[in-house]
Amino acid sequence: MVADRGKCAVCNNQAKSRCSGCVQAFYCSVEHQRADWKNHKPLCSPMRVCHNEKIGRHYVATRDIKPGEIVLREAPLIIGPSQVTVPVCVGCLKEVREKAHGECERCGWPVCSKSCQESINHTKNECKLTVEREDKVVIKHFSTVHPTYSCLLPLRCLMLKENDPERWKKLLELQTHDYKDDDAQYKQDMERIVEFIPRFFKTNKWTKDEIIKVNGISRINGHEVPLTNPSCVAVYHRASFFEHSCRPNLSKSFSEDNEVIFWSPNGIKKNAHLTISYTDVLWETSNRRHHLLQTKRFSCECERCSDVTEYKTYFSSLKCQKCDSGLLTPESLAKWNDDWRCTNANCKNIVTYEKVNKFIEHVGKDLQAMEKENEGNCIKFIEHYSKFLSSNHFYITDVKIALSQIIGNGVNGIQRISDERLKLKAKTCIELIELIEKLAPNEARILGLIKFELHSALAEAGRRAMQVKDANCKAMLEDSLKYCYDSIRLLGNEASCLPEGAVCRQARINASSLETMIGGMLDAGI
């Protein structure tokens, strides 16, 4: 419950007025609110930190959050390479090639330019320590994962202790990895990071416990940042307090400056928990839960994981082979690895989890071996496995997403496809949108891309209808424009350097053309 009165953030006197943005800070006057804005702006958001024993720290909305509203934009505490990566430039964190890269003149770490060599992220961290050890780094193999890179992100976190004590303090507030001595991850991290850092850099700046803690913090709180290839990893402070859900109410984007942006695609009610997903929402339940258990150390029991039907989408279900209408699902979340039963009350079919898992593994291998860039392959896969998998099954969905983007791909490609293929593209997009809006309605990135594909299909259908003077052509173009607007809304926070940012730019151009075309039709009385 938010108090009706509080102390003014400037003079400490009793005050009734609150900041309308976050509803947390109190002010006794407009003058004091203006005076405090510079200090308050970075902290102002429509949420407050709460705590309970089950989920720990989490955010709760202090007011209704509007659709499209950004609730947090934050720069990283630290950024570095992924702990499993091929060699990358230690400045810009982009991949480097064996015969097309340089080396830092001081320390030998790979760089791709002079400016990257002088990057503060590099010079104040591994470069400084490598110079102090008086022995340059030598990286020889560039085509495979390089184990030396495992230490760089934890090392940069550790260096905050002397480089930036304020950030160091914020870093230590974050949750760390709950290691177990017999855990394979623990043994690997001990060898590659905890014992490696002091030995390789010839330093005793940090205790063993400090290295273990900071490495755990970077593992638990690291966000994959897709602005480089391969993706790098950043640790944020306030962003680390968001609660997980496999059906989150927030979407996550990144700016060109590595800021993380959390925003609400569909609006959120006051007092609701603000949630993000720590895993891929388009993975099936057992994969999501396994990933969360391995990487984040908790067994997910969110609303979606607790519903074996996944909001009646049957995203993980198989078709029963003994009746025409039933689907095979686990009895409950607690018995996910037990027998699966048919949903048809008149069918008594029971299949062991071992058989289910074996079949799913077989389908997965087929999918992995298949060339998904081939339109015919995708269509054959869907036709064949639709006999055995639910129509919304995650493997079917995965191939449908690929198919929606392949059909009509390329310069003017959509104008050359048959009417039949154009209808298939639109039908596939509509099915995907209906599914994802049930399953994960705030998955803005993928919804934005699919709605752009549907816009393209409807625009082409409208163009063809105009050529034959079909009376429905204007309605088709208006529907196309609607989906184009949706795509712009959903992808508007994506960095311009990302494919999603490029799609958003194209959507803006297309929307302008469609507006002109529809406006001309209205003027002509069509």
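This is a predicted model: local features need pLDDT of at least 70, side-chain atom pairs count only at pLDDT 80 or more; totals for chains, interfaces and linings use all residues.
Residues are numbered from 1 along each chain as its sequence is written, and side-chain values use heavy atoms, without hydrogens or water. Local features need pLDDT of at least 70 and side-chain atom pairs count only at pLDDT 80 or more, whereas totals for chains, interfaces and linings use all residues.

**Aromatic contacts**

Rings of Phe, Tyr and Trp (its six-membered ring) pair if their centres lie within 6.5 Å; planes under 30 degrees apart are stacked, over 60 edge-to-face, and the rest tilted. The count comes to 13 aromatic pairs. Two of them are tabulated here.

| Pair | Centre distance | Plane angle | Class |
|---|---|---|---|
| Y59 and F241 | 6.1 Å | 45 degrees | tilted |
| F242 and F262 | 4.6 Å | 50 degrees | tilted |

Y59 lies in strand β6 (residues 56-61) and F241 in the loop between β12 (232-235) and β13 (243-244), so the pair joins parts 182 residues apart in sequence. F242 belongs to the loop between β12 and β13 and F262 to strand β15 (residues 260-264), so here the parts are 20 residues apart in sequence. Strands (E, at least two residues) and helices (H or I, at least four) are DSSP runs numbered from the N terminus.

Ring pairs link Y59, F241, F242 and F262 into a cluster. Y59 and F241 are buried, F242 is buried at 1% relative accessibility, and F262 is buried at 0%. Buried means under 20% relative accessible area, exposed over 50%, and partly exposed in between (1.4 Å probe, protein chains only).

**Enclosed space**

On a 1 Å grid over the protein atoms alone, a cavity is a set of points where a 1.4 Å probe fits but cannot get out, and lining residues have an atom within 4 Å of a point. A volume is the space filled by probe spheres set on the points, which are joined across faces, edges and corners. The whole structure holds three cavities of 30 Å³ or more, and the largest cavity has a volume of about 50 Å³. Its lining consists of Q83, V84, S150, Q188, D189, R192, I193 and R219. Helix α7 (residues 184-194) gives the most to this lining, with four residues.

**S286**

S286 lies in helix α10 (residues 285-295) and counts as partly exposed because its relative accessibility is 21%.

Definitions and conventions: On a 1 Å grid over the protein atoms alone, a cavity is a set of points where a 1.4 Å probe fits but cannot get out, and a pocket is an open set with protein on both sides within 12 Å along at least five of seven lines; lining residues have an atom within 4 Å of a point.
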